[in-house]
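Let's work through a few exercises together. Have a look at the sequence and the 3D view first, then try each task before reading its solution.

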Amino acid sequence: MPAHQLAPDIPTDVLAAEQAHLAEARAALKAMRAHAQSLSADAAGDWVSQQILQSLLDQRVAALADHPDTPLFFGRLDREAGDDLPGVIHVGRRHVHDGNSRPLVVDWRAPVSRAFYQASPADPMGVVRRRRFGYHGGALTAFEDEPLAEGGQIGPSRILTEEIERPRTGPMRDIVATIQPDQDEIVRSTLGQTVCVQGAPGTGKTAVGLHRAAYLLFTHRERLARSGVMIVGPNRAFLSYISSVLPALGEVKVDQTTVAGLLGEHAAAEDPAVSTVKGDARMAKVLARALWLHIVKPEEGLVYSRGAHRFRVADHEVREIVASLRGTTRYAPGRAALAQRLAHQVLVRMEQRGDSPDDRVQDAVARSKPVKQLVDAVWPKLVPEQVLFRLLSDADFLALAARTDLTPDEQRLLLWPKPYRGWKSAKWSAADAALLDELADLIERTPSLGHLVVDEAQDLSEMQLRALGRRCRNGSATVLGDLAQGTTPWSARSWRTVLEHLGQDGEVTELTLGFRVPREVLDYAARLLPSIAPDLAAPRSLRPGAGSLSVRQGGEVAAAVREALAREGSIGLIVPDAMTGEVSRSLDGIAHAVLGPDSTEEHRLLVVPASLAKGLEYDHVIVVEPADIVEAEPRGLARLYVVLTRAVTTLTVLHAKPLPPQLAS
Ligand SMILES: Nc1ncnc2c1ncn2[C@@H]1O[C@H](COP(=O)(O)OP(=O)(O)OP(=O)(O)O)[C@@H](O)[C@H]1O
């Protein structure tokens, strides 16, 4: 868009000056990168330090990469704040300075950049004028100015509108140039604070979570470099879709994974009713009891021989030691402590006899055969799989561990209909993975990260939330989701409960304005809300999008696809899972790819099984046979809501069977 259309009263030489500033900034970034590349890790003293330093230098070089298509700065603040910071700052994706350390671009996460997102005529925050830049490819082609000091109103930003309306191709992009004030509040909330965001489809929850990760890494670089930040998403296809956002923001060292990736890729098929019981937080108590039930009451004492002497610890003393340790530590350290306490008693006996053994003797006794034998008999070494195997295959043991926490019916559901031969050959389900993780933590403490971003959190079971919670036990979390999009048998009904199981004392906040789905489409999808989440308000869209919805009875898939192909942008052909192959074959001759749970494939036309559509978006969405999507699973209506809210420009619904009554109305 030419500059004069945006700011008619500003001469084009202003644009030329900004373009020159961009060229200077790019040259300076190149020089910064060359400098980083010239640094050598050889200065480090030893080999290990050299490796660490080299890896840090490599990261620095990667972070300083200039992506020619990505604007280096997108905004400018003219300030009159009366502080000692520069009067004019350009706000961009990363800090760039010239050879004299003069800032040419200030990182969007720096405190001074906050005004770019938050300043308004009512509260100018020391800013006289805010300038937004428009780009085509990597070229700066336009700008628009918002005077903030003169009071009055500022109109809607055309650059924001352009950004929101641009066709979607390829993976998700960052929104750093257009973060909205309510989103910015969440992005910049402090590291110690856990934030939980409820938001309708397309309100920017995922975007906000990723930007918060980038913000926290910038603000607490050293601390988080040590403790780590992790993004947890629903599946690999989703992770692949969001994978370029953080690197584009200069953050190349954030782990992005799924719950399965974190807890173990177990996927044995399971009745949803069984998964529901396994996902319930009551299982935590059952598992703890099951583990500690493995401790056997000591019936014999310890006899330790040294030379001609025998030292005895009586059975009742062993029982006392075990009782004093049981339940006060985790299981594995408890075992180690038992060996040490027994050895200590032996040393006391030795001293009573007139010996003067030192600490090394205590360690030797703790590692001796009689002590090991006693510890193994009383406090056996266990792995989580052994405990869960016993629990799921032995009805009496399960009853002992469950007490009244699980009903007899629930216990019956938990038992394997056909038990496995041993724990090593057992096939575990996704729900089992969270149980194994709970047991692993009861045995040995799970290390905590500094910050965890959990997307689509409404879909996690209480036990999965506990598993994630222990991974941010000493840190904080950003929890993102939409109660209306819960599609698992254990989907959450309240964010307070989610936070409780996560073990975080967080604030629940809401994003209400949709950036993705046109109003007409969102209103259509919202007809399902009274049935799936009656307490949620209807979502609002920033985008009018008239003419974006088409519902066709008996419509041809191939014809709808050809229509979409004639337009610009990506196409998602979302089908009931069971129809994926059939629909793909019916596209005979039309080039396309089929999205799989692990696929990272990109294609303009994707056939998307309904169960994988969560979190994704396409310019044109064609939904095939809504009734079958609803029928396919217990929370099928919520699945349909997810599917109908993936469209950026048009939604075409094709059906041969009657539509679900909520949509037909
Ligand atoms: N401030 C913004 N400026 C420009 N685009 C935005 C902004 N906020 C969100 N978007 C865009 O809106 C779309 C939806 O964002 P996002 O996927 O983060 O939403 P979501 O709330 O996670 O949706 P869902 O619940 O459907 O997963 C994305 O294309 C995102 O880039």
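Which residues does UniProt list for "domain: UvrD-like helicase ATP-binding"? The unreviewed UniProt entry lists residues 178–518. Such annotations may be inferred rather than shown by experiment, feature names are shortened, and positions follow the numbering used here.

Before going on, two ground rules. Residues are numbered from 1 along each chain as its sequence is written. The model is predicted: local features need pLDDT of at least 70, side-chain atom pairs count only at pLDDT 80 or more, and totals for chains, interfaces and linings use all residues.

**Exercise 1.** Describe the span 178–518.

Its end C-alpha atoms lie 18 Å apart. Then check the make-up: 50% helix and 12% strand. Helices (H or I, at least four residues) and strands (E, at least two) are DSSP runs, numbered from the N terminus.

**Exercise 2.** Work out why alanine 200 counts as buried.

Start with its place: the loop between β7 (195–199) and α7 (205–219). The unreviewed UniProt entry includes Ala200 under "binding site". Next, the cut-offs: with C-beta atoms placed from the backbone, buried takes 20 or more others within 10 Å, exposed 12 or fewer, and partly exposed is in between. Alanine 200 has 29, so it's buried.

**Exercise 3.** Find the contacts of proline 201.

A contact needs C-beta atoms, placed from the backbone, within 7 Å. Leaving aside neighbours within four places in sequence, proline 201 touches Asp482, Gln485, Gly514, Arg516, Val517, Pro539 and Thr645 by that test.

Methods
Two residues are in contact if their C-beta atoms, placed from the backbone, lie within 7 Å.
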